[in-house]
Amino acid sequence: MAPRKVVDARAGSDGNITHVRLDGNTNFTNLETAMRMADRGEISNAHSVRRENAKPHLRTNPDGQSANNLDTMAGDD
């Protein structure tokens with residue numbers, strides 16, 4: 001299966017991204033599942049970030065555009 005792309009995001013009441021929608025889907029995928037997919041190379045435009053002393057999160061790959069950042073997609077820009 002070809003890698004998918006994140007096309008939309010949803011944030012919780014605290015402003016943190018909780019779900020993403022992948023191209024071809026009508027439903028949102030929870031963040032934990034999306035991070036595992038990104039780790040396996042199944043998402044082409046995002047990667048998971050796991051730093052010491054920070055909560056793991058998903059981040060879109062840098063490309064100089066802000067419209068495809070998860071916070072922007074979720075309306076939190």
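**Salt bridges and burial**

Analyst: The side chains of Arg50 and Asp39 pair up in a salt bridge, at 3.0 Å from N to O. Arg50 sits in the loop between strand 4 (46-49) and strand 5 and Asp39 in helix 1, so the pair ties together parts eleven residues apart in sequence. Helices (H or I, at least four residues) and strands (E, at least two) are DSSP runs, numbered from the N terminus. Bear in mind that this is a predicted model: local features need pLDDT of at least 70, side-chain atom pairs count only at pLDDT 80 or more, and totals for chains, interfaces and linings use all residues. Residues are numbered from 1 along each chain as its sequence is written, and side-chain values use heavy atoms, with hydrogens and water left out.

User: What makes the contact between Arg4 and Asp23 a salt bridge?

Analyst: The rule asks for a side-chain nitrogen of Lys or Arg within 4 Å of a carboxyl oxygen of Asp or Glu. Arg4 and Asp23 come to 3.4 Å, N to O, so the pair passes.

User: Why is Arg4 called buried?

Analyst: Buried means under 20% relative accessible area, exposed over 50%, and partly exposed in between (1.4 Å probe, protein chains only). Arg4 has 18%, so it counts as buried.

User: And why is Asp39 called partly exposed?

Analyst: Its relative accessible area is 44%, so Asp39 lands in the in-between class.

User: How do you know that Arg50 is exposed?

Analyst: Arg50 has 51% relative accessibility, so it counts as exposed.
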